[in-house]
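Please open the structure in your viewer and keep the selection tool at hand.

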Amino acid sequence: MLGGETLYDIAIDSGMKVAALLWPVTAKSSIQYNMPEIFANRPWQNQIMVSLFNGSPLFQISLNNRFGALRDGIKQPNLDNFTHESLLYTIKEKKPDLILVHYTDLDTMRHHHGFHSKEAIEALKRHDIRLGDIIETLKKNNIYDDSTVIVLGDHSSIDEDKIINLNILLKENGYIKVDALGNIIDYRAIVKTCDGSAYVYVKDMHNKKLVYEIRDLIDNFNKEHKCIETVLTSDEARGLGADPQCAMMLEANRGYYFLDHLEGEIIKNIEPNEAGKVPDITNATHGYSPFKEEYTTVFMATGCGIKKGIAIKKMNLVDEGPTMAKLLGLELKDVDGRVIEEILE
Ligand SMILES: [Zn+2]
């Protein structure tokens, strides 16, 4: 959830022209050229219709008429090929002051085939070619010298081959009640997956006895299965910026991730070739704690306003917004992160 000002809000407020292509959480914003990332959530809606009414209709219709044939639902690399052609067109035709574009080719390939799979490496090579196209397009349109190009990821991923369905454990112990069709009719405690981590909610937050009961149940289960790395209390989770309404937050061990299934095995081994065919089953995923070992992502910047040859040893995702605002000559106020001054000219 967005709690403060966004980079695109302050850019628009200062008179800039902004474009966003499948950038997350931009629906119904005031971005002038917007094709938002919202996935259809009703069977009778499709991606185009849902995006259309939350973004800029004429802009999206024009992109769809030109490049829509490249796309095949949300299948990759087709979707990124569509997004990419739309981006090059937007750079050329609209020359926005700020363009945000979100590619998901690499993420999808890692989910389906694993972190180091040949499919993931091929996706990285496609990204490399796409980056080359962007630089080429900026040069051809004589705006390269005035532009800053930033490549960033918002998460990494970790290979896994086992799923933890703790709601089955809660159901077996009477904390979740289901009807004959398996639909939840009542619960006293429930787990909500964030993939690599999960929230535990109890219906009555003030019932400390219930929270301790659930904690014991999970700790005992984990003694046998060793699938959970850490259990955070509600206060600890809040301290890290997670949902303060949770009763606990769980971090999966490497090799595991959480789902919310109510049927089947509590610990499920993923069969070879199962990933990708079943929508929520994957070979690699994210949503782990940002403090997990070997789970870092990338931030690279070049061009106008950026010093050459600087390597930043450590930074946080929350530093990206204020740094990009500074590059636009703006300031993001009341933020958690800092401007990475070391890279700025
Ligand atoms: Zn993903």
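Predicted model: local features only at pLDDT ≥ 70, side-chain atom pairs only at ≥ 80, totals over all residues.

Residues are numbered from 1 along each chain as its sequence is written, and side-chain values use heavy atoms, with hydrogens and water left out.

**Stop 1: the two domains**

Select residues 7-158 together with 293-343 for domain 1, and then 159-285 for domain 2. These bounds come from an automatic or database domain assignment. The C-alpha centres of domain 1 and domain 2 are 32 Å apart. Their contact (heavy atoms within 4.5 Å) takes 10 residues from domain 1 and 9 residues from domain 2.

How much area is buried between domain 1 and domain 2? The value is about 840 Å², with carbon and sulfur atoms giving 45% of it. Buried area is the accessible area (1.4 Å probe) that two parts lose on being put together, summed over both. Now select His 111, His 112 and Ile 158, which supply 68% of the area that domain 1 buries against domain 2. Helix α5 (residues 105-113) gives the most to the side of domain 1 that touches domain 2, namely 4 residues. Helices (H or I, at least four residues) and strands (E, at least two) are DSSP runs, numbered from the N terminus.

**Stop 2: the nonpolar cores**

A nonpolar core is a set of buried Ala, Val, Leu, Ile, Met, Phe, Trp, Tyr and Cys residues joined through side-chain atoms within 4.5 Å. Buried means under 20% relative accessible area, exposed over 50%, and partly exposed in between (1.4 Å probe, protein chains only).

The largest nonpolar core has 45 residues; select Ile 164, Leu 166, Leu 170, Ile 214, Ile 228, Leu 250 and Phe 258, which touch the most other members. The largest share of this core, 6 residues, comes from α8, the helix at 208-225. Next, centre the view on Ile 228: beyond its neighbours within four places in sequence, its contacts include Leu 166, Ile 218, Leu 250 and Phe 258. Apart from this core lies another, of 16 residues, among them Met 35, Phe 59, Leu 88 and Ile 134.

**Stop 3: Thr 282**

Select Thr 282, in the loop between β13 (267-269) and β14 (284-285). Is Thr 282 buried or exposed? Thr 282 counts as buried because its relative accessibility is 8%. Thr 282 and His 111 are 171 residues apart in sequence, yet their C-alpha atoms are 5.0 Å apart in space. The side chain of Thr 282 also makes a polar contact with the side chain of Glu 160, at 2.7 Å. A polar contact is a pair of N or O atoms within 3.5 Å; within protein, one must be able to donate a hydrogen and the other to accept it, and residues adjacent in sequence count only if both atoms are side-chain atoms.

**Stop 4: backbone details**

Most residues other than glycine have a negative phi, and most peptide bonds are trans. Select Gln 76 and Pro 77, which are joined by a cis peptide bond with omega of about 5°. Then select Asn 273, whose phi is positive, near 70°. Asn 273 is in the loop between β13 and β14, and it is exposed, with a relative accessible area of 61%.
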